[in-house]
Each structure stands twice: as C-alpha cells, then as structure tokens.
Amino acid sequence: MERRAMEQEDIAYRQQIVNEYKPDVERLVRYLPWLESKTGTSVQQTYSASGIAEHSVAFPVYDSTVMSFVKEAQRTHLMDRNYMYVYSRYRIRTVQDEIRAIERASIKEMDVLKAILSKYVMGGMTKGRMWSEAVESGIFLYVVKKMKANLDFWDRPEPTR
C-alpha cells in the first residue's frame, strides 16, 4: 500500500512540473527550427561601418531571431538567478559537461536544464558572446529540445488499470 502511495505522489509531482513549465517551454519551442539551422554558424557580426573602428570600439550586432529568443526566455519562469549553485552541485564545468547533463536530465532535473539555459541567457547580458556561443554549440537547441521531450513524455493521460 505504501509503494502505491509513493507512486501516486511521484506521478503528481511530475504532473505539477509539466503544468508549471509547459507554457513557457512551448513559447521557446517555436525557435527550434531556427536553432537547428544555425547550429555551428555565427549569429553575430561586428559593426564597423562609418569608420567606427578608428574612433570607437567595434561592437557586436546579433541576429534578430537570437535576440527574440533571449527576450522570450527572459519572460519565462525558466530563468534561475542561482544557476551557479546547480553547476556546482552537478559539477558542470565545460560545454561537454553541459551537453552530458542535458542528455541525462529527466523531468526531475528540470533545475539542471533551467540552470544551463539561465547561464547563457543571463550571462549574455554582460558577455554578449555567450548568446552566439549557445547557438553555435547547440546548447540552446539541446536544452529546449530536452525540456520539450521530458514534458511531452509525462504530459499524457495516466494509464488505467
């Protein structure tokens, strides 16, 4: 009897996660085709018109779609200002560690996926190169795909016995 109660609790917890994050993830899913097409390519250019390099510092100009994605992500509940604690807890240090963590993340590790997304979205506010890196390396693509896959898997009617 106790095992059945724990299973019900687990199912309820997973359904709560689905209900909490699905609307936000759906807002980002529409960017998947664009993210797939841009993996491995740069989405930033350096503005250097009008001889700006002679009188000032050249600055990056980003693809409008990456800017839309970032703004959309910032408006979701998927941003975690304490992402560095998740990185520390799971010993995530490199891009390869991030990709492995994304691949392993189940619905119960949405905090890991949120942390990785947050690192690049929020970090890009001060280090703009991070947005381009996340698109080029596929991090944004992998995170959103994994979130969607986890939510889709658990967002189905409970089987009746």
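Residues are numbered from 1 along each chain as its sequence is written, and side-chain values use heavy atoms, with hydrogens and water left out. Because the model is predicted, local features need pLDDT of at least 70 and side-chain atom pairs count only at pLDDT 80 or more, whereas totals for chains, interfaces and linings use all residues.

The protein contains nine helices and two strands, where helices (H or I, at least four residues) and strands (E, at least two) are DSSP runs numbered from the N terminus. Along the sequence these elements follow the pattern α-α-β-α-β-α-α-α-α-α-α. Of the 161 residues, 39% are buried; buried denotes under 20% relative accessible area, exposed over 50%, and partly exposed the range in between, with a 1.4 Å probe and protein chains only. Among contacts (heavy atoms within 4.5 Å) between residues at least 6 apart in sequence, 73% join residues at least 24 apart.

In soluble globular proteins, nonpolar side chains tend to be buried together. A nonpolar core is defined here as a set of buried Ala, Val, Leu, Ile, Met, Phe, Trp, Tyr and Cys residues joined through side-chain atoms within 4.5 Å. The largest such core comprises 44 residues, and Ile-116, Leu-117 and Phe-140 have the most contacts inside it. At least two residues of this core come from each of helix 1 (2-29), helix 2 (32-38), helix 4 (64-74), helix 5 (83-89), helix 6 (95-104), helix 7 (110-123), helix 8 (129-136) and helix 9 (139-154). Helix 7 gives the most, with eight residues. When neighbours within four places in sequence are set aside, the contacts of Leu-117 are Leu-28, Phe-69, Leu-78, Met-79, Phe-140, Val-143 and Met-147.

Helix 7 packs against helix 9 at an angle of about 150°, with the two axes 10 Å apart. Helix 7 is therefore roughly antiparallel to helix 9. Axes are lines fitted to C-alpha atoms, for helices over the stretch in contact, and angles run from 0 to 180 degrees between N-to-C directions; angles under 35 degrees count as roughly parallel, over 145 as roughly antiparallel, 65 to 115 as roughly perpendicular and the rest as oblique. The crossing of helix 7 and helix 9 is left-handed, a label that applies if the near helix is turned anticlockwise from the far one by less than a right angle, with right-handed used if the turn is clockwise. On the helix 7 side, Met-110, Leu-113, Lys-114, Ile-116, Leu-117, Tyr-120 and Val-121 meet Ile-139, Phe-140, Val-143, Lys-146, Met-147 and Asn-150 of helix 9.

Helix 7 also packs against helix 6, at an angle of about 145° and with the axes 9 Å apart. The crossing of helix 6 and helix 7 is left-handed. Val-95, Glu-98, Ala-101 and Ile-102 of helix 6 make this contact with Val-112, Leu-113, Ile-116, Lys-119 and Tyr-120 of helix 7.

Glu-98, located in helix 6, is buried, with a relative accessible area of 0%. Its side chain makes a polar contact of 2.7 Å with the side chain of Tyr-87, and a polar contact of 2.9 Å joins the side chains of Glu-98 and Lys-119. A polar contact is a pair of N or O atoms within 3.5 Å; within protein, one must be able to donate a hydrogen and the other to accept it, and residues adjacent in sequence count only if both atoms are side-chain atoms. Beyond four places in sequence, Glu-98 is in contact with Tyr-87, Ile-92, Ile-116, Lys-119, Tyr-120 and Ile-139. Lys-119 belongs to helix 7 and, with residues up to four places away not counted, touches Tyr-83, Tyr-87, Glu-98, Gly-124 and Met-130.

Gly-124 lies in the loop between helix 7 and helix 8 and is buried at 4% relative accessible area. Gly-124 and Val-70 are 54 residues apart in sequence, with a C-alpha to C-alpha separation of 8.9 Å.

Most residues other than glycine have a negative phi. Arg-91, in the loop between helix 5 and helix 6, has a positive phi near 55°. Arg-91 is exposed, with a relative accessible area of 60%.
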